[in-house]
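Subject: Handover of a structure for your study

Dear colleague,

Please find below the sequence and structure that I am handing over to you. The findings follow directly after them.

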Amino acid sequence: MSLCEYHGTPLVQRDVEALLALEEQIGIPIPFLSEVEWNSFGFCSVDNHITELGLPEQELSSLPDSIGNLKNLKSIYLDGNHLETLPETTGNLTSLQELHLNGNRLTSLPETIGNLTSLQELYLYYNELSSLPESTINLQKLEKLHLFMNKFTTFPEILTRITGLKLLSIDSNELSAFPESIGNLINLEELTCCGNKLTGLPDSFGDLVALKELLLRDNRIEYLPETFGNLQSLENLNLGLNQLTTLPKSIGNLASLRILNLHNNRLTSLPESLGNLRSLEGIDLCDNELDALPDSFENLLSLEQLHLMNNSFSTFPERITKMIWLKKLDLSHNDLTSLPESISNLIALTDFYVMNNELKMLPLSIGELGNLEVLHLYGNKIRSLPDTLTKMYRLRSLNLAFNGISTIPDIVFQMVSLKTLDLTGNSISNLPAEISDLKSLELLRINANALESLPITIGNLPSLVSLFVPKNKLKAIPENLGNLEALNELDLSENELETLPESLGNLGSLQVLNLQGNSLKSFPEIIVKMKSLLGLDISENCMTTLPPTIGELTSLNTLILKKNSFEPFPEKVEQYLKTMETSGCFIDR
């Protein structure tokens, strides 16, 4: 076959004709590449034949008929164009193994698509398809099919005759049911059908014995068939955001299951058979109506993550304390009034969330959780902490927000490994000087309390990156605050500040400064020394003007000025503000 050159690359004549036709539509030459990926623009060739072609986001509204000339093409990427149809000649691409058409406007596929008998992967995300041609049945080598975000109202039953299919994604359509013939897909390993309108599953679903991952989140599923227990290869199951009230007893047969997600259903109880899932590593039961766990739950000795947030537990389920390898436990938004002493059995626990309950105290034994790194107690009634917490040498995050605390427990200042401390929404009027003992502290939140001052020692926190003290009664800031060289974000909003100390100009790493809602009568000149500042909010103060030095804040991308008493700015200041806006800075006046 005669050879021609396409911009210096020797190719067979028919391939050159196809590239020239595409070039005419795109408006620029298509470059030769050593490798084509999903986001590449260009082509690869082997033995003077094009084998890979990447044309993503080229505003193509159609393809030339000559596209069918590319007899040796193995993969083509046409994502993000404006294609509404494909030419009939697409069926001539009989060597094609991968066809990427995500993000177009396709309403149908040509019957000739069935000629692509070598096709293994077909990507059709974000189109407007509502059906597939009958010839699709000929794609017997197809292993991966993506139909996410189309307009299917009924499941394309033709797919159930492509028995080699291993992955099927048909999320975010309008499907209300699977056909009984879905059970023919005996080689299917991954099925995702989230965001549809399914109300149940057919009995034949149990025939999908190769299934490893099943994602059916955000449907209307009310029941699972008993045959569901036949899916003994299943490893990951997501049935969150459905309407399940019970689970079939056979769910205990899913011997390979590692991840089970059942959040946001209507479950009031769980079957005893759930305890047979000895491979289970994580289970999410948040947002149900559970008030107890089955006795067999203690058999889940491989469980590492247990999420029980927003249920109806009034007592701590003791069976949890038998799960000695549990690492993450979330019992937030329940009605717990106490924790058992046996909590100390959870020796592997690293993250414990028990927010928004009715706890008034913690058991002494909680100090035995030597691997605990995160303890969130937000929204309880805890006024004091046991001294045993000093044994938690690895604790890095402690949240005591909204507990009605008036005095910070002394024990907090002995937790020297803390990196994050949240005391928001309490009644604290004094931040003790001992705060400086927390040398590893990176984030301190003490929002919405009753502080009138900060201790001088606040400047002795060398690791502090973020300091939030809004909605207090601060009238002054200590000079030592300027010693916080690592400080990146400082929120002093809604206090009673009239001035800022000169030392704040030393905060060379500061990127965000919030002074909204104070009593500043003039723009603090020390701010212009903060050369790294990206965001500045000085709204709702008593300022009347801005200095020309505002123009020195060349890194600013956000400046909030509204609700002051500004007079018309001097011409030079106005010019600086306009220059800043031209450079991309958002200014809210």
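Is Tyr126 buried, partly exposed or exposed? Tyr126 has a relative accessible area of 44%, so it counts as partly exposed; the term covers values between 20% and 50%. Please keep in mind throughout that this is a predicted model.

Aromatic pairs

The count of aromatic pairs comes to eight. One of them joins Phe32 and Phe43: the ring centres lie 5.7 Å apart and the planes stand at 75 degrees, so the pair is edge-to-face. Phe32 belongs to the loop between helix 1 and strand 3 (42-46), whereas Phe43 is in strand 3, and the pair thus links distant parts of the chain, 11 residues apart. Phe32 is partly exposed, at 45% relative accessibility. Phe43, by contrast, is buried, with a relative accessible area of 1%.

Tyr126 itself forms an edge-to-face aromatic pair with Phe148, with 5.3 Å from centre to centre and 75 degrees between the planes. The two residues are 22 residues apart: Tyr126 is in the loop between strand 7 (121-123) and strand 8 (144-146), and Phe148 is in the loop between strand 8 and strand 9.

The nonpolar core

The largest nonpolar core contains 175 residues, and Leu53, Phe205 and Phe352 are those with the most contacts inside it. Helix 1 (13-26), strand 4 (49-54) and helix 2 (571-582) are the elements that give two or more residues to this core. Helix 1 supplies the largest share, five residues. Leaving aside neighbours within four places in sequence, Leu53 is in contact with several residues, among them Leu19, Leu22, Ile30, Phe43 and Tyr77.

Salt bridges

There are 14 salt bridges by the count used here. In one of them, Glu235 is joined to Arg258, with 3.9 Å between the closest N and O atoms. Glu235 lies in the loop between strand 11 (213-215) and strand 12 (236-238), and Arg258 in the loop between strand 12 and strand 13 (259-261), so this pair ties together parts that are 23 residues apart in sequence. Both residues are partly exposed: Glu235 has a relative accessible area of 28%, and Arg258 has one of 31%. Glu235 and Arg258 also belong, with Glu281, to a network of salt bridges.

A salt bridge also joins the side chains of Arg319 and Asp295, at 2.1 Å from N to O. Arg319 is in the loop between strand 15 and strand 16, and Asp295 is in the loop between strand 14 and strand 15, so parts 24 residues apart in sequence are tied together. Arg319 is partly exposed at 29%, as is Asp295 at 43%.

The side chains of Arg589 and Glu574 meet in a further salt bridge, at 2.9 Å from N to O. Arg589 lies in the segment after strand 27 (586-588) and Glu574 in helix 2, so the pair ties together parts that are 15 residues apart in sequence. Arg589 is partly exposed, with a relative accessible area of 44%.

A nonpolar patch on the surface

Leu301, Ile324, Trp325 and Ile347 form a nonpolar patch on the surface, and together they have about 390 Å² of accessible area. Trp325 is in the loop between strand 15 (305-307) and strand 16 (328-330). Its relative accessible area is 49%, so Trp325 counts as partly exposed.

Backbone angles

Most residues other than glycine have a negative phi. His7 is not a glycine, yet its phi is positive, at about 50 degrees. His7 is found in the loop between strand 1 (3-6) and strand 2 (9-12) and counts as exposed, at 55% relative accessibility. Asp287 likewise has a positive phi, near 55 degrees, and is placed in the loop between strand 14 (282-284) and strand 15.

Ser466 lies in strand 22 (residues 466-468). Its relative accessible area is 10%, so Ser466 is buried. Not counting residues up to four places away in sequence, Ser466 touches Glu442, Leu443, Leu444, Leu487 and Glu489.

Yours sincerely,
A colleague

Conventions. Residues are numbered from 1 along each chain as its sequence is written. This is a predicted model: local features need pLDDT of at least 70, side-chain atom pairs count only at pLDDT 80 or more; totals for chains, interfaces and linings use all residues. Side-chain values use heavy atoms; hydrogens and water are left out. Patches are made of residues with over 30% relative accessible area and no salt bridge: like charges are joined within 9 Å, nonpolar side chains (Val, Leu, Ile, Met, Phe, Trp, Tyr) within 5 Å. Accessible areas come from the Shrake-Rupley method with a 1.4 Å probe; for residues, only the protein chains shown count as cover. A salt bridge is a side-chain nitrogen of Lys or Arg within 4 Å of a carboxyl oxygen of Asp or Glu. Helices (H or I, at least four residues) and strands (E, at least two) are DSSP runs, numbered from the N terminus. Buried means under 20% relative accessible area, exposed over 50%, partly exposed in between (1.4 Å probe, protein chains only). A nonpolar core is a set of buried Ala, Val, Leu, Ile, Met, Phe, Trp, Tyr and Cys residues joined through side-chain atoms within 4.5 Å. Contact means heavy atoms within 4.5 Å. Rings of Phe, Tyr and Trp (its six-membered ring) pair if their centres lie within 6.5 Å; planes under 30 degrees apart count as stacked, over 60 as edge-to-face and the rest as tilted.
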